[in-house]
Amino acid sequence: MTEHPNAATVRRSFEAWNSGRLDVLGEYITDDAVLHFAGNNAMSGTYRGRDAVMDALARARRGGGTHSDVESVLASDDHVIVFFHLTHERDGKTLDVVQAMPMKVNAEGKISEAWFLANDQRGFDQFWS
């Protein structure tokens, strides 16, 4: 069975993230994209528009040592959800969580809205606080 094209796009976006190619990642995001970070921390909030989304993602990469291993991707024509194992280091802190990232995808297969939801929100909040 062939993978849904939106699943393949999300996998490519994660490859771009892991290689630090935010310019490539930006190609998979709509101009009016919305990104939601759950929790109560420095990253929490809603970011609207490609520039704000890309700025938030660039902030999330700071500190180095970030990597996301895709575990599962479920896709349809309108939605994708990806579960991934995230590890990140910054300022002497280490983050090791599994995140669920539900997304809305437009007709061109670009991400128009996404939510980051960690399995350990308290740990995620402490890491980003």
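Biologist: Which strand does A100 lie in?
Modeller: This is a predicted model, in which local features need pLDDT of at least 70 and side-chain atom pairs count only at pLDDT 80 or more, while totals for chains, interfaces and linings use all residues. Residues are numbered from 1 along each chain as its sequence is written, and side-chain values use heavy atoms, with hydrogens and water left out. Helices (H or I, at least four residues) and strands (E, at least two) are DSSP runs, numbered from the N terminus, and A100 lies in strand β5.

Biologist: Thanks! Buried or exposed: which is A100?
Modeller: Buried means under 20% relative accessible area, exposed over 50%, and partly exposed in between (1.4 Å probe, protein chains only). A100 has a relative accessible area of 16%, so this residue counts as buried.

Biologist: Which residues does A100 touch, not counting those up to four places away in sequence?
Modeller: Contact here means heavy atoms within 4.5 Å. With residues up to four places away in sequence left out, A100 touches V82, F83, W115, F116 and L117.

Biologist: Let's look inside, then. How much space lies in the largest cavity?
Modeller: On a 1 Å grid over the protein atoms alone, a cavity is a set of points where a 1.4 Å probe fits but cannot get out, and lining residues have an atom within 4 Å of a point. Grid points are joined across faces, edges and corners, and a volume is the space filled by probe spheres set on the points. By this rule there is 1 cavity of 30 Å³ or more. The space in the largest cavity is about 360 Å³.

Biologist: Which lining residues lie nearest the centre of the largest cavity?
Modeller: Elements giving two or more residues to the lining of the largest cavity are α1 (5-18), β1 (29-37), α3 (50-61), β4 (79-90), β5 (93-105), β6 (111-118) and α4 (121-128). The lining has 28 residues, and those nearest the centre of the largest cavity are W17, L25, L57, M101 and F116.

Biologist: How many residues in the lining of the largest cavity are nonpolar?
Modeller: Ala, Val, Leu, Ile, Met, Phe, Trp, Tyr, Cys and Pro count as nonpolar, Asp, Glu, Lys and Arg as charged, and the others, Gly among them, as polar. The lining of the largest cavity has 6 polar residues and 1 charged residue, and its nonpolar residues number 21.

Biologist: Which side chain of opposite charge is nearest to D125?
Modeller: D125 is found in helix α4 and touches A38, G39, N40 and N41, not counting residues up to four places away in sequence. A salt bridge is a side-chain nitrogen of Lys or Arg within 4 Å of a carboxyl oxygen of Asp or Glu. For charge, Lys and Arg count as positive and Asp and Glu as negative, while His and the chain ends are not counted. D125 is buried yet has no salt bridge; at 7.5 Å away, the nearest side chain of opposite charge is R122.

Biologist: How many salt bridges does a search of the whole structure find?
Modeller: One of them joins E3 and R11, with the closest N and O atoms 2.6 Å apart. Another is formed by D23 and R21, with the closest N and O atoms 2.7 Å apart. For the whole structure, the search finds a total of 5.

Biologist: How many residues apart in sequence are the parts that R50 and D31 tie together?
Modeller: The side chains of R50 and D31 meet in a salt bridge of 2.7 Å, N to O. R50 lies in helix α3 and D31 in strand β1, so the separation in sequence of the parts tied together is 19 residues.

Biologist: What about the loops: between which two strands does D91 lie?
Modeller: D91 is exposed, with a relative accessible area of 68%. Its phi is near 50°, a positive value in a residue other than glycine. The loop that holds D91 lies between β4 and β5.

Biologist: One last stop, please: which residues is G45 in contact with, leaving aside neighbours within four places in sequence?
Modeller: G45 is found in strand β2 (residues 45-48) and is partly exposed, with a relative accessible area of 27%. Leaving aside neighbours within four places in sequence, G45 is in contact with L35, H36 and F37.

Definitions and conventions:
1 Å grid on protein atoms, 1.4 Å probe; cavity = no way out; pocket = protein on both sides within 12 Å on 5 of 7 lines; lining within 4 Å.
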